[in-house]
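The sequence and the structure are shown below.

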Amino acid sequence: MAKKTKGQELADKLTWSAPNIAKAAPKQVNKANKFCEGYKKFLDEGKTERECVRYAVKLLEERGYRRFDSESVYVPGDKVYYVNRGKSLIATTFGSEPLEKGVRINGAHIDSPRLDLKPMPLMEKDEFAYLKTHYYGGIRKYQWGTTPLAMHGVVAKADGTTIEISLGEKPGEPVFCVTDLLPHLGRRQNERHLGEGIRGEELNILVASLPYQDDAVKEPVKLLALEVLHEKYGITEADFCRAEIEMVPAFKASDVGLDRSMIGAYGQDDRVCAYTALMAEMEAELPAFTTVTILTDKEEIGSEGNTGLNSDYVLHYLEDLADMAGVSVRKVLRSSICLSSDVNAAYDPNYPDVYDKTNACFINRGCVLTKYTGSRGKSSSNDAGAELMARVIGMMEKSGVYWQTGEMGKVDEGGGGTIAKFVAHMDVDTVDLGVPILSMHAPFELASKLDVYNTYKAFKAFYQN
Ligand code: MN
Ligand code: MN
């Protein structure tokens, strides 16, 4: 190689940019491939927050985690988990340092944008039966037409039992979909703004077309659909009012690209951070600081509700830990640090106009450390302090993690929020860290395997340092 010029040497010393990991550390490609096999399974097993919790609990129990009991006594290395209403989960490995030195919190969310059924969803129109929906989270509605959908959820029946519903996932099971117009008749629809391409009240899911054989019945297609549901699950129309049913893309996670460098799947925001956080949690053997790994619900609608981080459920858990250790929870919180682990918008060369390329995150350059989110003048952002940025960067560099910074698009282009501000609200030093995602919130989102792997490495480092 030719000798570097003085200017090149100075540039090496003074400038910085995150490299493409496949160039800088090609050996990681195989490791990332291997790591992501478990990730794809996690995605397929958990398409709703409840399913994610259930699968995570299974993995945790296999690793020796026990249900948290505030009456119990725990020693360093003990592993526990806590489930909040079946929709959020906290896992802890007790550390060797006293609790008043703070805990390490890693919070990801396991809810994803989708189409929820309305309380009275079933309707018949012109000899079709439909399920009416109310979208959950930020979706681009036009993306949800003509996509095969599966039905997931629970029905809490009048007799006190709960029925699990999962239909459209196993080979041979039927799927459902929202229809769209053919291009031949799409002239007027094409003139709508994209956001109105398919309107909220048009997100009706086609579920049946055969009538019940009885001319005396007013809505025979709806009745036949109800009969099928009753035979399969023992439910009636009124039971939809006692249900949470989510319509989600029916396809499985798959490798994307000739080089298999990416994963395409539904719900990677933010199950990609949930999985990597869970792996780092389970592999924490005897951490210095007690770990608090949170897989939370409701982030996509602003962390509202008692299973979201705008509720006090995490605070109450930390209060339990503090009470058990006989220390003030305020002291614990003040000394704690938190990674709000969530995805960021990867630079998309197909749509370059919305990004500030100098501050965007890129596929294959590692996990993305996001100082602030929010919109306009950082409104609704956490905006992490310089000292915390230094600490987290220090931890990653010590462990050889490939990382980059990122911003959610150009200034005033849009924006978004995460759980960061709710954890920071408890007086905890908090910063966002996660995976760059292409087509975020679409039915089929993309992530780079190298980025997933390095996010896992960052979370490992966070619990080791
Ligand atoms: Mn997210
Ligand atoms: Mn999101």
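Two strands are said to pair if DSSP finds at least two bridges between them. In this predicted model, β15 and strand β21 (residues 436–438) meet that criterion, pairing in the parallel sense over 2 bridges. Within this pairing, A345 stands opposite I437 in β21.

Both strands belong to an open sheet of 5 strands, whose order is β11-β12-β22-β21-β15 and whose pairing is mixed. At its edges lie β11 (254–256) and β15 (344–345), each of which pairs on one side only. In general, the strands of a sheet pair through backbone hydrogen bonds, either parallel or antiparallel.

| Helix | Residues | Strands touched | Angle with β22 |
|---|---|---|---|
| α7 | residues 268–283 | β12 (262–265), β21 and β22 (445–448) | about 35° |
| α12 | residues 449–464 | β11, β12, β21 and β22 | about 65° |

The metal site comes next. Which residues coordinate the manganese ion (ligand 2)? The donors are D269 (OD), E300 (OE), E300 (OE) and H441 (NE2), at 2.1 to 2.6 Å. Along the sequence, the donor residues of this ion follow the spacing D-x30-E-x140-H. D269 also bridges the manganese ion (ligand 2) and the manganese ion (ligand 1), and the two ions lie 3.3 Å apart.

Methods: Residues are numbered from 1 along each chain as its sequence is written. Chains are lettered from A and ligands numbered from 1 in the order in which they are written. This is a predicted model: local features need pLDDT of at least 70, side-chain atom pairs count only at pLDDT 80 or more; totals for chains, interfaces and linings use all residues. Side-chain values use heavy atoms; hydrogens and water are left out. Helices (H or I, at least four residues) and strands (E, at least two) are DSSP runs, numbered from the N terminus. Contact means heavy atoms within 4.5 Å. Axes are lines fitted to C-alpha atoms, for helices over the stretch in contact, and angles run from 0 to 180 degrees between N-to-C directions. Donors are N, O and S atoms within 2.8 Å of the metal (3.2 Å for Na, K and Ca); water is not among the atoms, so sites may look incomplete.
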